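The sequence and the model are shown below.

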Amino acid sequence: MKDMAAELVARLNVDTAFTIPIFGGIQIAESVVISWVVMAVLVLLALFLTSGMKVWNPGKRQIIAETAVKWLDGFTQDMLGPDAKEYSEYISTVLLFIGLSNIIGLFGMKPPTKDMNVTIALALMSIVLIEAAGIKKKGGKGWLKSFTQPIAIVTPINILEIFIRPLSLCMRLFGNVLGSFVIMELIEMIVPVALPLVFSMYFDIFDGFIQAYVFVFLTSLFIAEAAEPLMPTPKKEKKKKKAAKAAAEN
């Protein structure tokens, strides 16, 4: 049992892939290298599918690429809503990256999302985009004013959400991917070779894509919320009603 626990801990460790011999040695983690592999696969796949594109008589590769992009655009724009459609490309890219990262264990590599540093980076990128979407839509003053809505007393809670959201995104993705990885490792240690393949269909494929979907769904939800127009204050509503009444009387 101790040997099994030691082996599991060894597999859970994030190893150093190599060290760059500058500034006293910069250690590059294995998760970073695998992330590079995932990005390279996505870039090469995009170049392969989009090479030689034609306006008339498109080939099979172009049809596949256009169908995939159209589906992704529709899928992500539905989550983002009408006020934040412009961020669909980012959401689609993150969905593909996390999805491929989560299932890369099928090819004998450790999922980079098993490393909390990777999930923290993804969460920080998302939260920066969320706040940037709010500033772009509402302006600096409007963005600051949004923290006082729906009433001023909730301002501290709204400010805390800036820090709570990336934490929830990070820990949810990290915890689920790590849990799936641990379960699969335990199954492979205990049961025969054939049975892990059955569980792999769920933990490595289905659950991997589910976690990617949950991450981008929550990010899209937060972006859509940030891009919503400001709620009119009671004073402004009263002024509008008075102006409308005066215009009607005239």
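Lys136 and Glu86 form a salt bridge (a side-chain nitrogen of Lys or Arg within 4 Å of a carboxyl oxygen of Asp or Glu), with their closest N and O atoms 2.6 Å apart. The two residues are 50 residues apart and link distant parts of the chain, Lys136 being in helix H5 and Glu86 in the loop between helix H3 (60-80) and helix H4 (88-103). Helices are DSSP runs of H or I with at least four residues, numbered from the N terminus.

This is a predicted model, in which local features need pLDDT of at least 70 and side-chain atom pairs count only at pLDDT 80 or more, while totals for chains, interfaces and linings use all residues. Residues are numbered from 1 along each chain as its sequence is written, and side-chain values use heavy atoms, leaving out hydrogens and water.

The structure holds four salt bridges, among them these three:

| Pair | N to O distance |
|---|---|
| Lys136 and Glu86 | 2.6 Å |
| Glu161 and Arg165 | 3.4 Å |
| Glu225 and Arg165 | 3.1 Å |

Glu225 belongs to helix H7 (residues 194-226) and Arg165 to helix H6, so their pair ties together parts 60 residues apart in sequence. Through shared partners, salt bridges join Glu161, Arg165 and Glu225 into one network.
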